[in-house]
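Hi everyone, thanks for coming. Please have a look at the sequence and the model on the screen, and then I'll talk you through a few spots.

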Amino acid sequence: MIDDFLAGDLTEVEAAVRAAAAAEIMPRHRQLAAHEIIEKNGPHDLVTTADRLAEEHLTASLSRILPGSVVVGEEAVHADPKVYGALGGDAPVWIVDPVDGTRQFVRGETGFCTLVALAHRGELLASWTFAPARDELAVAVRGKGATVNGTPIRSGSPAPGAVLRVAMSHPDYTTDAQKRALLGLRTEGIEARPCGSAGLEYLAVARGDLDGIAFNWEYAWDHAAGLLLVTEAGGTQATLSGAPFRVTGGNDLPFTAARDRATADRILTALRADL
């Protein structure tokens, strides 16, 4: 079933992603009322009406597009953590972050996106990264490469000896222990900065505008779409142990995604240096 689906016309998924953004996200961009913004676990962990309604829209449309599939969305898991277990099941899974970069969205900025990935038994098969305020849609399909608005992209490689530009977990979202785990990036040869929208940071790596990322949380909705996008653009990814990142969890953190293997190795070496 899943192979036939991937071999078919996937533009219906693109249409569903665009429709959810058009109906539920963009009408609220720079138009949010105070009651439409809620703190989940603190002042930096926000959810808006746009997040909830866009996820509901996508859940309905994606389930219809691929009968028998299930949806693991950020807001659904917040309401019922058991939903996350579907990532390890036998059914195809849509992994959804309706608004990645909610803080930027709340501020009225353009640095947010909708993330959708399709996985089966832990393997990433396809992904869609849509930045509606910028009208950019990145698509990756396993074994078929990556595109932005239909144009193929490649991650390429940094110039030999160049200072690496790396986006890392934002301090507002990390514990003290997680901050310490990233201290190795504060070293000569690496220029590290806090990340914005994770999905857009992955897109920057995939198109060669950023050399790598280093994150120390593993929620699948933040990473699934971007990991496939980077690898299909010619990049790579690995956890601290050197093993590939698993969307089902249990990873050795932090992990990296980078433009090429040499860059990933440099980042992992720096991360290990402070252990």
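I'll go through some aromatic pairs and then one threonine.

First, the ground rules: this is a predicted model, so to speak, where local features need pLDDT of at least 70, side-chain atom pairs count only at pLDDT 80 or more, and totals for chains, interfaces and linings use all residues. Residues are numbered from 1 along each chain as its sequence is written, and side-chain values use heavy atoms, with hydrogens and water left out.

Rings of Phe, Tyr and Trp (its six-membered ring) pair if their centres lie within 6.5 Å; planes under 30 degrees apart are stacked, over 60 edge-to-face, and the rest tilted. That rule gives nine aromatic pairs. One of them is Phe5 with Trp94, edge-to-face, at 6.1 Å centre to centre and 85° between the planes. Those two sit 89 residues apart, with Phe5 in helix 1 (residues 2-7) and Trp94 in strand 4 (residues 93-100). Helices (H or I, at least four residues) and strands (E, at least two) are DSSP runs, numbered from the N terminus.

Buried or exposed, what is Trp94? Trp94 counts as buried because its relative accessibility is 0%; buried is under 20% relative accessible area, exposed over 50%, partly exposed in between (1.4 Å probe, protein chains only).

Ring pairs also link Tyr202, Phe215, Trp217, Phe245 and Phe255 into a cluster.

Now the threonine: Thr48 lies in strand 2 (residues 45-48), and at 0% relative accessibility Thr48 is buried too. Beyond its neighbours within four places in sequence, Thr48 has contacts (heavy atoms within 4.5 Å) including Leu32, Glu36 and Phe105.
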